[in-house]
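Biologist: I have the sequence and the model open side by side, and I would like to go through them with you question by question. Could you take me from the overall layout to the individual residues?

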Amino acid sequence: MDPQAPTTNEVVDKLWADKRELKKKKRRMRPIIKEELIITSLMDAFTIILCFLLKTFGSDPIQIKESDEMRLPLSVSEMPLKPAATVAITANSVLVDDVKVLDLRHGAVDESYKRDGQDGLYITPLYDALHEAVQKQKAIAARNPAVPFQGLLMVLGHRETNYRLITEVLYTAGQAEFDKFKFVVVSTKAQ
Amino acid sequence: MPKRLKRLQPPQDEINPLIPIMNLVCMLIPFLLLSAAFIQYAAINVQAPKIQSASQQQQQPDQMPLNLTVMVTNEGFHFKVNPQHRLPWMAMETDSASGAGPDIPKKPDGEYDYEQLTDKLKEIKEKHQDENQIIIGCEDNIKYEILIKVMDASRGTDESPLFKDVVLTRGIA
């Protein structure tokens, strides 16, 4: 017997070692299961929501942001809005085309803003802003006959505004060549 | 001897081309949600206020046959028309300072009686089918939402319209 020949135990140990090594290699060779992210339904939902919001976003000619200072009154009217100049009467200020024109004090216009004193109806800064809006519209109408000047003003009023202020705003707007008015309201019938 | 293993190719990212569109969608949707209008808005036609004194109104009955005026005070609704068309229940005083009570007082709970206002206007409309104009005026401290409700009550419905042409006035002398 060859003294250098491996013994039975050594052969068995080597076989076991080879087997373990082979198992390790097999584990390494195991195919990687690629986990795909299934986003098809997510993309469907996104696309539908996006189309709906795009349609909603583009449907109103006037973008109105309600807040504690601006709560429009409710009405059963269903008449649609038209694109036009806007005057917004909030609890604390008056805005023309989203630009603040003057501040209100306790829901009323300060005497300093009125041309004719406390009892007057003419509000000077409001007239200036509305007059500028009219000039812009007339300039556009002069260049584009398809968009004539209509003298239409959309009035957005906070529901707690008193009638006196509404009258003053409408009177001033009338002086600025606006002769058609539309009060913007929240339609309860359309909902 | 184990086989030589093939070098595995790294898996390709199949969603790579979709990342820009997902970015776009994820940015657009919050923006549009914030801007979206889930409330339906509508408009009410109004004509410019006529600043008239009570005496001027009395001088114009020939020009405006009915001259239906509804004044809203803190006590209720006051009606006024051309005296030729006066109805028995009309006191023909458009302000509470004259001492006459409102033609339609407020309800016991303090709310305005819009239903009765509509009924009275229907009664007037039956006698004046061709009239579509109503003049509405309020005391200075009347809230805007009350004015809107009065306009709604005076407009009627599509099936039975009342007075659709609203003119605002201050007309309290």
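Biologist: How many helices and strands are there in chain A, and what pattern do they follow along the sequence?

Modeller: This is a predicted model, and what I give you is computed from it. Chain A contains four helices and seven strands. Read along the sequence, these elements of chain A follow the pattern α-α-β-β-β-β-β-α-β-α-β.

Biologist: Is chain A spread out or a compact globule, and what is its radius of gyration?

Modeller: The C-alpha atoms of chain A fill a box of roughly 130 × 40 × 35 Å along the principal axes, and buried residues make up 26% of its 191 residues. For 191 residues the globule rule gives 16 Å, and the value for chain A is well over that, so the chain is more spread out than a compact globule. The radius of gyration of chain A is 38 Å.

Biologist: Does Lys189(A) count as buried or exposed?

Modeller: The limit for this class is 12 or fewer other C-beta atoms within 10 Å. Lys189(A) has 11 C-beta neighbours inside 10 Å, and therefore it counts as exposed.

Biologist: How do the residues of the side of chain A that touches chain B divide into nonpolar, polar and charged?

Modeller: The contact takes 47 residues from chain A and 37 residues from chain B. On the chain A side, α1 (8-29), α2 (40-59), α4 (163-175) and β7 (180-187) each supply at least two residues. By type, the residues on that side of chain A divide into 27 nonpolar, 10 polar and 10 charged.

Biologist: What is the order of the elements in chain B from the N terminus on?

Modeller: Chain B has four helices and six strands, and 31% of its 173 residues count as buried. From the N terminus on, the elements of chain B run α-β-α-β-β-β-α-β-α-β.

Biologist: Why is strand β3 (residues 76-80) of chain B described as largely enclosed, and which residue stands opposite Phe77(B)?

Modeller: Four of the five residues of β3(B) are buried, so the strand is largely enclosed by the rest of the structure. Strand β2 (residues 69-72) of chain B pairs with β3(B) in the antiparallel sense over four bridges, with Thr69(B) opposite Lys80(B) and a hairpin of three residues joining the two strands. Strand β4 (residues 104-105) of chain B also pairs with β3(B) in the antiparallel sense, over two bridges. In that pairing, the residue opposite Phe77(B) is Ile104(B).

Biologist: How do helices α3 and α4 of chain B cross, and is the crossing left-handed or right-handed?

Modeller: The axes of helix α3 (residues 114-127) and helix α4 (residues 144-155) of chain B come within 8 Å and cross at roughly 40°. The contact is made by Tyr114(B), Leu117(B), Thr118(B) and Leu121(B) of α3(B) and by Lys149(B), Val150(B), Ala153(B) and Ser154(B) of α4(B), which divide into five nonpolar, two polar and one charged. The crossing of α3(B) and α4(B) is right-handed.

Terms used: Residues are numbered from 1 along each chain as its sequence is written. Chains are lettered from A and ligands numbered from 1 in the order in which they are written. This is a predicted model: local features need pLDDT of at least 70, side-chain atom pairs count only at pLDDT 80 or more; totals for chains, interfaces and linings use all residues. A residue is buried if 20 or more other C-beta atoms lie within 10 Å of its own, exposed if 12 or fewer, and partly exposed in between; C-beta atoms are placed from the backbone. Two strands pair if DSSP finds at least two bridges between them. Two residues are in contact if their C-beta atoms, placed from the backbone, lie within 7 Å. Ala, Val, Leu, Ile, Met, Phe, Trp, Tyr, Cys and Pro count as nonpolar, Asp, Glu, Lys and Arg as charged, and the others, Gly among them, as polar. Axes are lines fitted to C-alpha atoms, for helices over the stretch in contact, and angles run from 0 to 180 degrees between N-to-C directions. A crossing is left-handed if the near helix is turned anticlockwise from the far one by less than a right angle, and right-handed if clockwise. The radius of gyration is taken over C-alpha atoms; the globule rule is 2.2 Å times the number of residues to the power 0.38.
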